[in-house]
Amino acid sequence: MTIHVRAPGRVNLIGDHTDYTGGMVLPMAIDRWTEIRGIPAESVSLHSADEAEPAEIALDIDDPQHVEPHWARYVAGVVAEMQPYGGIAGTVSTDIPIGAGLSSSAALELAVALALGFDGDPLSLAQLCRRAEIRASGVPCGIMDQLVIAAGVEGHALLIDCGDVTIEPVRIPDDVEVVVQFVAHRALVGSAYAQRVAECAEAEEAIGPLRSATLTDTLSITDPAIRARAQHVVSENRRVHDFAAAIAAGDLGAAGALMVASHNSLRDLYLTSTPVMDAAVEQLSAKAGVYGARMTGGGFGGCIVALTEPGALADGWVVRAVDGAHRVG
Ligand code: GLA
């Protein structure tokens, strides 16, 4: 019996740093995949063409955070969370750029879970893999990446309410392209990310859940840094709704302007951008045929995503929205 599964990467069109306070996001699964092929075995043994050392994980692993090599921690996280009856011996291959902000780690987690026989709905798969990511990396991430990779719908982005975890597919119009450009490798992601999560928790202690707060509510937060973080989250949740409505109405100019506003909020209020990312977004947004652009994902580097007229950009990858992770054949 052979095992063959694949899990796509993702790009987030709008709604960053909102998922871990139960806010709104609008990502799509993209046509780049991590695949695992193998045969059943008594432990997990995976080789990757992109890595010098294999992942060799015993089924009773319980401390994924100290596993070596580093990439094997994500495999170990899934094994630790899933506690599967059997393992796999095989290979991992991917055309998702690794560590570029397109969720290569989440794709690996979902592929491992499916390869180990995960049997459940996309939400349970995403929740398991989110726990695996937190356990493997120590980064208190939200549900966005794992959920869009589990539940992706061809031709659609997913409007996800991360509070009640409802998903509404939003069709990407035929007359636009979603273009991704890699700008810079990420730096300092883990600790700064955890700090933002803690700052949002502090804001919520002051004014209650950010998912239902208004900008007026945020004015009563006395610490200016915490107030700024809350203002990003509250305004970003609004922008996600407005973006989905603009796309549905075919108002691509409005959608693009919301992407730029989202980037500026990450830059000025959430402080997760860098001068290099800002310059790239500014340059791209000014090009003919580009409706808007923004940094996508956790920040401090990574990729920018642009919404453009077809053929407007010669550089970067035009990405298509695809179905979520699945067994092949
Ligand atoms: C990372 C996390 C997600 C999300 C984004 C920012 O990708 O894994 O849960 O918080 O950052 O939107």
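Biologist: Hi! Where is the place of His 17 in the chain?

Modeller: His 17 is in the loop between strand 1 (3–14) and strand 2 (24–41). Strands (E, at least two residues) and helices (H or I, at least four) are DSSP runs, numbered from the N terminus. Before we go on, this is a predicted model, where local features need pLDDT of at least 70 and side-chain atom pairs count only at pLDDT 80 or more, while totals for chains, interfaces and linings use all residues. Residues are numbered from 1 along each chain as its sequence is written, and side-chain values use heavy atoms, leaving out hydrogens and water.

Biologist: Got it. What is the phi of His 17 like, positive or negative?

Modeller: Positive, about 60°, although His 17 is not a glycine.

Biologist: Now the ligand. Which residues surround it?

Modeller: Among them are Arg 10, Asp 16, His 17, Asp 19 and Tyr 20, then Cys 141, Gly 142 and Tyr 193.

Biologist: Which part of His 17 lies 2.7 Å from an oxygen atom of the ligand, backbone or side chain?

Modeller: A backbone N or O atom of His 17 does. A polar contact here is a pair of N or O atoms within 3.5 Å. From the side chains, an N or O atom of Asp 16 is 2.5 Å from a ligand oxygen, and one of Arg 10 is 3.1 Å from a ligand oxygen.

Biologist: How much of the ligand does the protein bury?

Modeller: The protein buries 91% of the 310 Å² that the ligand exposes when taken alone, using the Shrake-Rupley method with a 1.4 Å probe.

Biologist: New topic! Which residues does a cis peptide bond join?

Modeller: Glu 68 and Pro 69, with omega about -10°. Pro 69 is in the loop between strand 4 (55–57) and helix 1 (72–82).

Biologist: And how many helices and strands does the protein chain have?

Modeller: Nine helices and twelve strands. The C-alpha trace spans about 55 × 45 × 35 Å along its principal axes.

Technical notes. Near = heavy atom within 4 Å. Polar contact = N/O pair within 3.5 Å; in protein donor to acceptor, adjacent residues only side chain to side chain.
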